[in-house]
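Open the model in your viewer and keep the selection panel at hand.

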Amino acid sequence: MVTKLVQPPMTDSHVSPLIYRTMNVMKLQNFVPARNHPRINTSRFGERPLWFRPITIIKVAEHNSGSGLVELEALAQKKRELYQAVEGINRGIFGIPSTKKSEIESLVKQLESLNPTPFPTLELEKVAGCWRLVYSTISILGSKRTKLGLRDFISLDDFFQSIDISKSKAVNVIKFSARGLSLLSGQLSIEASFRISSSTRVDINFENSTITPDRLMNVFRKNYDLLLGIFNPEGWLEITYVDETMRIGRDDKSNIFVLERFDDSNNM
């Protein structure tokens with residue numbers, strides 16, 4: 001007599017936590033836009049379609065796959081909502097309606113409450129590298145905008161920040177372009193050093209700044225102190241959220257900064 005062994009079908013209760021988590025993450029990835037689209041290079045954040053925004057999948061504890069999946073979905077959804085909220089507002093630099101500002105700041109707070117890196121200065125490798133500003137409460141309004149020629153003559157392009165944790169240095173680069181005058185296209189570079197002051201905060205010291213080319217410096221020379229005063233990072237910065245693709249910070253001047261990781265160093 002031959003005994004036939006039959007393998008019973010596997011149910012969710014028989015699946016190991018690791019396999020179950022992997023299956024759930026694969027399901028979740030259906031929410032994430034495909035990455036095989038051709039790259040579109042644009043100089044302004046508002047011109048890039050929302051589906052170009054990568055959504056980070058955070059690792060979840062093996063023993064808690066159910067609640068972990070819910071957290072992943074909530075985090076991914078809030079990031080999508082924030083990216084959508086900041087589309088087309090030119091980073092908020094020239095002002096936005098109070099209702100829009102409230103919407104963005106509400107989403108920022110919700111993301112901060114889901115921060116996967118509660119002690120970011122103990123994991124500075126997550127902060128290192130190149131970032132691009134997508135939203136800030138810093139604003140250039142009224143006479144400041146007029147004096148700097150930022151109404152009709154000079155345009156603000158991308159804002160980049162490059163962080164070298166091995167040297168405790170950061171470089172902010174603000175790009176400018178002049179309509180119809182390529183010779184006046186250039187950038188303001190601000191170099192600063194930083195030191196860790198707590199598990200979430202760094203102190204920042206201004207070191208130097210330059211504007212290139214000289215023709216652009218001539219445009220800003222009369223109001224250079226005004227320009228530098230707007231973008232000078234000196235003070236402290238609280239890192240309130242960071243993952244593989246997004247970083248949020250608040251400074252001692254009550255400003256909020258939302259940045260996305262940017263890999264193409266050729267644009268710096």
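What percentage of the residues of the protein count as buried? Of its 268 residues, 44% do; buried means under 20% relative accessible area, exposed over 50%, partly exposed in between (1.4 Å probe, protein chains only). This is a predicted model: local features need pLDDT of at least 70, side-chain atom pairs count only at pLDDT 80 or more, and totals for chains, interfaces and linings use all residues. Numbering starts from 1 along each chain as its sequence is written, and side-chain values use heavy atoms, leaving out hydrogens and water.

Colour by secondary structure. You get six helices and eight strands (DSSP runs: helices are H or I, at least four residues; strands are E, at least two; numbered from the N terminus). Their order along the sequence is α-α-α-β-α-β-β-β-β-α-α-β-β-β.

Next, select Ile140, Leu156, Phe176, Leu188 and Phe231. These have the most contacts inside the largest nonpolar core, which has 39 residues. Such a core is a set of buried Ala, Val, Leu, Ile, Met, Phe, Trp, Tyr and Cys residues joined through side-chain atoms within 4.5 Å.
A second, separate core has 17 residues, including Ala85, Ile89, Leu111 and Tyr241.

Select Phe153, Leu181 and Val219: they make a nonpolar patch of about 220 Å². Areas come from the Shrake-Rupley method with a 1.4 Å probe; for residues, only the protein chains shown count as cover.

Finish on Leu181. Leu181 sits in strand S4, residues 181-196. Leu181 is partly exposed, at 41% relative accessible area.

Methods: Patch = residues over 30% accessible without salt bridge, like charges linked within 9 Å, V, L, I, M, F, W, Y side chains within 5 Å. Salt bridge = Lys/Arg side-chain N within 4 Å of Asp/Glu carboxyl O.
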